[in-house]
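This report describes one protein chain for a reader new to structures. Please look over the sequence and the model before reading on.

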Amino acid sequence: MVVRTKVNGEWLEAEVWPGTSLLGLLRDGLNLYGSKNACEQGECGSCSVWLDGQLVCSCLVLAAQAHERTVRTVEGLRDDGRLHPVQEAFVEAGAVQCGFCTPGFVVAVADLLQRDPDPSPATVREALSGNLCRCTGYQKILDAVNLAAARMRDRP
Ligand code: FES
Ligand code: FES
(Lines give C-alpha, C1' and ligand atoms only; values in the text may rest on other atoms or scores of the structure.)
(Ligands and ions follow the chains in the order given, each with its own letter.)
Protein backbone atom coordinates (compact mmCIF):
# COMPACT_ATOMS: atom_id res chain seq x y z
CA MET A 1 0.00 0.00 0.00
CA VAL A 2 1.05 3.59 -0.55
CA VAL A 3 1.07 5.91 2.46
CA ARG A 4 1.12 9.64 1.88
CA THR A 5 2.03 11.78 4.88
CA LYS A 6 3.05 15.37 5.49
CA VAL A 7 6.35 15.00 7.31
CA ASN A 8 8.02 18.10 8.71
CA GLY A 9 6.06 20.27 6.31
CA GLU A 10 6.61 18.23 3.17
CA TRP A 11 4.20 15.75 1.60
CA LEU A 12 6.01 12.44 1.16
CA GLU A 13 4.86 8.99 0.18
CA ALA A 14 6.21 5.47 0.30
CA GLU A 15 5.08 1.96 -0.55
CA VAL A 16 4.84 -0.13 2.64
CA TRP A 17 3.59 -3.51 3.81
CA PRO A 18 0.20 -3.00 5.57
CA GLY A 19 1.66 -4.02 8.95
CA THR A 20 4.47 -1.46 8.81
CA SER A 21 4.68 0.90 11.76
CA LEU A 22 4.97 4.64 11.43
CA LEU A 23 8.50 4.24 12.74
CA GLY A 24 9.24 1.78 9.93
CA LEU A 25 7.77 4.18 7.39
CA LEU A 26 9.93 7.03 8.67
CA ARG A 27 13.16 5.10 8.88
CA ASP A 28 12.94 2.55 6.07
CA GLY A 29 10.48 4.23 3.71
CA LEU A 30 11.48 7.88 4.03
CA ASN A 31 15.10 7.62 5.22
CA LEU A 32 14.45 9.71 8.32
CA TYR A 33 16.66 8.03 10.88
CA GLY A 34 16.28 10.49 13.78
CA SER A 35 13.50 8.49 15.45
CA LYS A 36 15.08 5.40 16.94
CA ASN A 37 13.92 1.82 17.24
CA ALA A 38 15.09 0.74 20.67
CA CYS A 39 12.29 -1.47 22.03
CA GLU A 40 9.49 -1.54 19.44
CA GLN A 41 7.03 -2.08 22.30
CA GLY A 42 6.06 1.41 23.41
CA GLU A 43 8.28 1.18 26.47
CA CYS A 44 11.23 3.49 25.85
CA GLY A 45 10.10 6.63 24.01
CA SER A 46 13.05 6.57 21.59
CA CYS A 47 10.69 6.67 18.62
CA SER A 48 8.60 9.65 19.82
CA VAL A 49 7.09 11.88 17.12
CA TRP A 50 4.05 14.12 16.80
CA LEU A 51 1.07 12.85 14.82
CA ASP A 52 -1.31 15.73 14.14
CA GLY A 53 0.35 17.51 17.06
CA GLN A 54 -0.06 14.62 19.52
CA LEU A 55 3.01 12.96 20.99
CA VAL A 56 3.02 9.26 20.06
CA CYS A 57 5.37 6.31 20.09
CA SER A 58 5.75 5.79 16.36
CA CYS A 59 6.53 2.10 16.90
CA LEU A 60 2.96 1.62 18.15
CA VAL A 61 1.24 3.47 15.30
CA LEU A 62 0.64 1.87 11.93
CA ALA A 63 2.02 3.73 8.97
CA ALA A 64 -1.46 3.51 7.46
CA GLN A 65 -2.83 5.53 10.40
CA ALA A 66 -0.61 8.41 9.33
CA HIS A 67 -2.04 8.46 5.79
CA GLU A 68 -3.08 12.00 4.81
CA ARG A 69 -2.04 13.25 8.25
CA THR A 70 0.76 15.39 9.63
CA VAL A 71 3.89 14.03 11.29
CA ARG A 72 6.66 16.02 12.93
CA THR A 73 9.87 14.27 13.83
CA VAL A 74 13.00 15.29 15.68
CA GLU A 75 14.43 16.36 12.31
CA GLY A 76 11.59 18.89 12.08
CA LEU A 77 12.65 20.74 15.23
CA ARG A 78 15.38 22.67 13.43
CA ASP A 79 14.23 26.05 12.24
CA ASP A 80 16.00 27.61 9.28
CA GLY A 81 19.11 25.54 9.99
CA ARG A 82 19.17 26.56 13.68
CA LEU A 83 18.82 24.03 16.43
CA HIS A 84 15.68 24.17 18.55
CA PRO A 85 16.34 25.63 22.04
CA VAL A 86 15.80 22.17 23.52
CA GLN A 87 18.44 20.73 21.22
CA GLU A 88 20.85 23.55 22.14
CA ALA A 89 20.21 22.97 25.84
CA PHE A 90 20.85 19.24 25.52
CA VAL A 91 24.21 19.95 23.91
CA GLU A 92 25.20 22.61 26.44
CA ALA A 93 24.09 20.66 29.50
CA GLY A 94 25.88 17.50 28.38
CA ALA A 95 22.56 15.67 28.11
CA VAL A 96 23.34 14.11 24.72
CA GLN A 97 24.33 10.84 26.28
CA CYS A 98 23.63 8.39 23.49
CA GLY A 99 22.04 8.28 20.08
CA PHE A 100 19.23 5.96 21.07
CA CYS A 101 17.40 7.79 23.81
CA THR A 102 18.32 11.40 23.01
CA PRO A 103 15.97 12.03 20.04
CA GLY A 104 12.99 10.79 22.05
CA PHE A 105 13.95 12.87 25.08
CA VAL A 106 14.36 15.98 22.92
CA VAL A 107 10.93 15.49 21.33
CA ALA A 108 9.27 14.81 24.71
CA VAL A 109 10.87 17.89 26.28
CA ALA A 110 9.91 20.11 23.33
CA ASP A 111 6.35 18.78 23.64
CA LEU A 112 6.28 19.50 27.36
CA LEU A 113 7.64 23.04 27.07
CA GLN A 114 5.22 24.02 24.35
CA ARG A 115 2.37 22.96 26.67
CA ASP A 116 3.89 24.21 29.93
CA PRO A 117 6.68 26.83 29.72
CA ASP A 118 7.43 26.63 33.44
CA PRO A 119 6.92 23.03 34.53
CA SER A 120 7.43 21.93 38.12
CA PRO A 121 10.06 19.24 38.80
CA ALA A 122 7.24 16.72 39.30
CA THR A 123 5.66 17.71 35.98
CA VAL A 124 9.00 17.28 34.19
CA ARG A 125 9.46 13.82 35.68
CA GLU A 126 5.92 12.85 34.78
CA ALA A 127 6.35 14.13 31.21
CA LEU A 128 9.57 12.15 30.79
CA SER A 129 8.32 9.01 32.49
CA GLY A 130 7.80 7.33 29.12
CA ASN A 131 11.41 7.90 28.06
CA LEU A 132 14.00 5.47 29.29
CA CYS A 133 17.75 5.80 29.57
CA ARG A 134 19.22 2.37 30.00
CA CYS A 135 22.70 3.39 30.97
CA THR A 136 23.76 6.85 32.05
CA GLY A 137 21.23 8.64 34.22
CA TYR A 138 18.78 11.48 34.16
CA GLN A 139 20.39 14.42 35.98
CA LYS A 140 21.91 16.08 32.92
CA ILE A 141 18.65 15.61 31.06
CA LEU A 142 16.79 17.38 33.86
CA ASP A 143 19.45 20.14 33.77
CA ALA A 144 18.81 20.50 30.03
CA VAL A 145 15.06 20.79 30.58
CA ASN A 146 15.58 23.62 33.07
CA LEU A 147 18.02 25.39 30.77
CA ALA A 148 15.71 25.10 27.76
CA ALA A 149 12.69 26.23 29.76
CA ALA A 150 14.52 29.33 31.03
CA ARG A 151 15.78 30.21 27.54
CA MET A 152 12.39 29.73 25.92
CA ARG A 153 10.65 31.87 28.57
CA ASP A 154 13.21 34.63 28.01
CA ARG A 155 12.72 34.70 24.25
CA PRO A 156 10.36 37.36 22.94
S1 FES B 1 10.99 2.05 20.12
FE2 FES B 1 9.01 2.87 20.37
S3 FES B 1 8.79 3.10 22.51
FE4 FES B 1 10.71 2.09 22.27
S1 FES C 1 19.97 5.00 26.77
FE2 FES C 1 20.78 6.78 25.96
S3 FES C 1 22.11 7.57 27.48
FE4 FES C 1 21.15 5.84 28.37
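Does E40 count as buried, exposed or partly exposed? With 15 C-beta neighbours inside 10 Å, E40 counts as partly exposed, because a residue is buried if 20 or more other C-beta atoms lie within 10 Å of its own, exposed if 12 or fewer, and partly exposed in between, with C-beta atoms placed from the backbone.

## Source and numbering

This is a predicted model, in which local features need pLDDT of at least 70 and side-chain atom pairs count only at pLDDT 80 or more, while totals for chains, interfaces and linings use all residues. Residues are numbered from 1 along each chain as its sequence is written, and chains are lettered from A and ligands numbered from 1 in the order in which they are written.

## Overall form

The chain contains five helices and five strands. Helices (H or I, at least four residues) and strands (E, at least two) are DSSP runs, numbered from the N terminus. Their order from the N terminus on is β-β-α-β-β-β-α-α-α-α.

The C-alpha trace spans about 45 × 35 × 25 Å along its principal axes. For 156 residues, a compact globule would have a radius of gyration near 15 Å, and the 15 Å of the chain agrees with this. The radius is taken over C-alpha atoms, and the globule rule is 2.2 Å times the number of residues to the power 0.38. Of the 156 residues in the chain, 39% are buried.

Two residues are in contact if their C-beta atoms, placed from the backbone, lie within 7 Å. Among contacts in the chain with a separation of 6 or more, 62% join residues 24 or more positions apart.

## Two domains

The domain assignment divides the chain into domain 1 (2-77) and domain 2 (85-154); such bounds come from an automatic or database domain assignment. The C-alpha centres of the two domains lie 21 Å apart.

Contacts between the domains involve 14 residues of domain 1 and 13 residues of domain 2. On the side of domain 1 that touches domain 2, seven residues are nonpolar, five polar and two charged. Here Ala, Val, Leu, Ile, Met, Phe, Trp, Tyr, Cys and Pro count as nonpolar, Asp, Glu, Lys and Arg as charged, and the others, Gly among them, as polar.

## The nonpolar core

A nonpolar core is a set of buried Ala, Val, Leu, Ile, Met, Phe, Trp, Tyr and Cys residues joined through C-beta atoms within 7 Å. The largest one has 40 residues, of which L25, V86, V106, V109 and A148 touch the most other members. Two or more residues come from each of β1 (2-7), α1 (22-29), β3 (48-51), α2, α3 and α5. The largest share, eight residues, is from α3. Domain 1 and domain 2 each give at least three residues to this core.

Leaving aside residues up to four places away in sequence, L25 touches V3, A14, V16, T20, L30, A63 and A66.

## Helix α2

In helix α2 (residues 85-92), the buried residues are P85, V86, Q87, A89 and F90. Their cover includes α3 (102-115) and α5 (139-154). After α2 comes G94, with a positive phi near 75 degrees.

## Positive phi in two loops

N8 is not a glycine, yet its phi is positive, about 50 degrees. N8 sits in the loop between β1 and β2 (10-15). This residue is partly exposed, with 19 other C-beta atoms within 10 Å.

E40 is likewise not a glycine and has a positive phi of about 60 degrees. The loop between α1 and β3 holds E40.
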